[in-house]
Amino acid sequence: MPSFDDLMTIGVFARFTGITPSALRFYADSGVLVPAAVDDATGYRYYSPAQLDRAVTLRRLRAIEMPLERIVEILDADPDRAAALLDEHVDHLALRAGQARDTATAIRATLGQPGGSVPVAVVRGPGFAAAVEQVLAAAAHDTEHPALTGVRVESSEDGLVLTATDRYRLSTRTVATARPGAGWAGTVHGDDLRLSSGWLRRQPEVELRADARGLVAVGGSDVRVCRLLPEPFPDHRAVFASLAPVRTRVVAARNALVDAMSGVPGDRVLLDVTRDALRVSGAGARPVEVAASVQGDDVALAFEVTTLYPAITSAAGPDVMFDVSAPDQPVIVRSADDGDLTTLAMPVRHEGEHA
């Protein structure tokens, strides 16, 4: 048995691990975290510094509602088995969260609509889901500016316009409506739309309505509610209005461009556009030539991979089109066949780098 001088009292160990002394006693009695030594005379429990990592992992597992018996299995398992058990638990939590949301939606429907609701539009479920997924590629994932994590939905007689931006990208898409509703605009919670995407794809037709609490999607006898974000959405129309005239237009095969980008090391991709070629490279990488049709001036562009890649992969059709005004201005990215989805991708400066 180690010397008591080398051990920590239960109070000290509790402060280091963030676990209360009463919980430590429970874990000791359960055999999950047994003290390194117990003083026979006083009954005081002592813990070893070597037990700190196990204790902190135990606390974190309890924080995600992991059952105690499964915690023991994870703590004693090899890394691969432990990771598999964690993934299984997270999947179970996600399923429970989805079931809770569905139940809450059903209850909400029985409570009525305080203040009434307005019709937004009637859309084809699969088409609406595809449009949502396309524009969500441009949404932010942080919570510092909540409106940037959502999708701006605007309804008019001309259709339903969806827009998302993280300030480095901006994607907008118009969805055809089977029946237009009243003029309405709101910023819809991006995570709620993601969770509803699979359900939307299974609905031949979806009626969209809005009230003070959210965008309500009705498909048959089923309902989904996506929360609204109250923060103001950026003025995306002003961004388009301020674009300079296009000086270079490039049309390239989307899959070939994606393959070339996938081979670029690092977090930045360089596009060197000349009248006879499009070359893709990165810092220290050998350029890969991609067949392209080029009109206008030669130009060299640099993008963060996380900015350009989603803009290209979300475009529909075999070919993608770039409209370039200048290396330091937003580049318009859209499908050469279907220009309905439009994405603005902001280049970055790349002094001293050449594609």
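This is a predicted model: local features need pLDDT of at least 70, side-chain atom pairs count only at pLDDT 80 or more; totals for chains, interfaces and linings use all residues.
The largest cavity has a volume of about 60 Å³, and its lining is made up of Phe128, Leu193, Ser196, Leu200, Leu208, Leu215, Val216, Ala217, Arg224 and Cys226. Two or more of these lining residues come from each of helix 7 (190-201), strand 11 (214-219) and strand 12 (222-227). Sorted by class, the lining of the largest cavity holds 8 nonpolar residues, 1 polar residue and 1 charged residue.

By class, the lining of the second largest cavity consists of 7 nonpolar residues, with no polar and no charged residues.

## Aromatic pairs

A pair of aromatic rings is described by the distance of the centres and the angle of the planes. The structure holds 2 aromatic pairs, and one of them is formed by Phe13 and Tyr47, whose rings are stacked with 4.4 Å from centre to centre and 5° between the planes. Because Phe13 lies in helix 1 (residues 10-17) and Tyr47 in strand 3 (residues 45-47), the pair ties together parts that are 34 residues apart in sequence.

## Residues with positive phi

Most residues other than glycine have a negative phi. Against that background, Glu65 has a phi near 65°, a positive value in a residue other than glycine, and Glu65 is placed in the loop between helix 3 (52-63) and helix 4 (68-76).

Arg167 is another residue other than glycine with a positive phi, here near 80°, and the place of Arg167 is in the loop that runs between strand 6 (159-165) and strand 7 (169-175). Arg167 is classed as exposed because its relative accessible area is 56%, which is over the 50% limit used for that class.

Notes:
Residues are numbered from 1 along each chain as its sequence is written. Side-chain values use heavy atoms; hydrogens and water are left out. Helices (H or I, at least four residues) and strands (E, at least two) are DSSP runs, numbered from the N terminus. Buried means under 20% relative accessible area, exposed over 50%, partly exposed in between (1.4 Å probe, protein chains only). Rings of Phe, Tyr and Trp (its six-membered ring) pair if their centres lie within 6.5 Å; planes under 30 degrees apart count as stacked, over 60 as edge-to-face and the rest as tilted. On a 1 Å grid over the protein atoms alone, a cavity is a set of points where a 1.4 Å probe fits but cannot get out, and a pocket is an open set with protein on both sides within 12 Å along at least five of seven lines; lining residues have an atom within 4 Å of a point. Grid points are joined across faces, edges and corners, and a volume is the space filled by probe spheres set on the points. Ala, Val, Leu, Ile, Met, Phe, Trp, Tyr, Cys and Pro count as nonpolar, Asp, Glu, Lys and Arg as charged, and the others, Gly among them, as polar.
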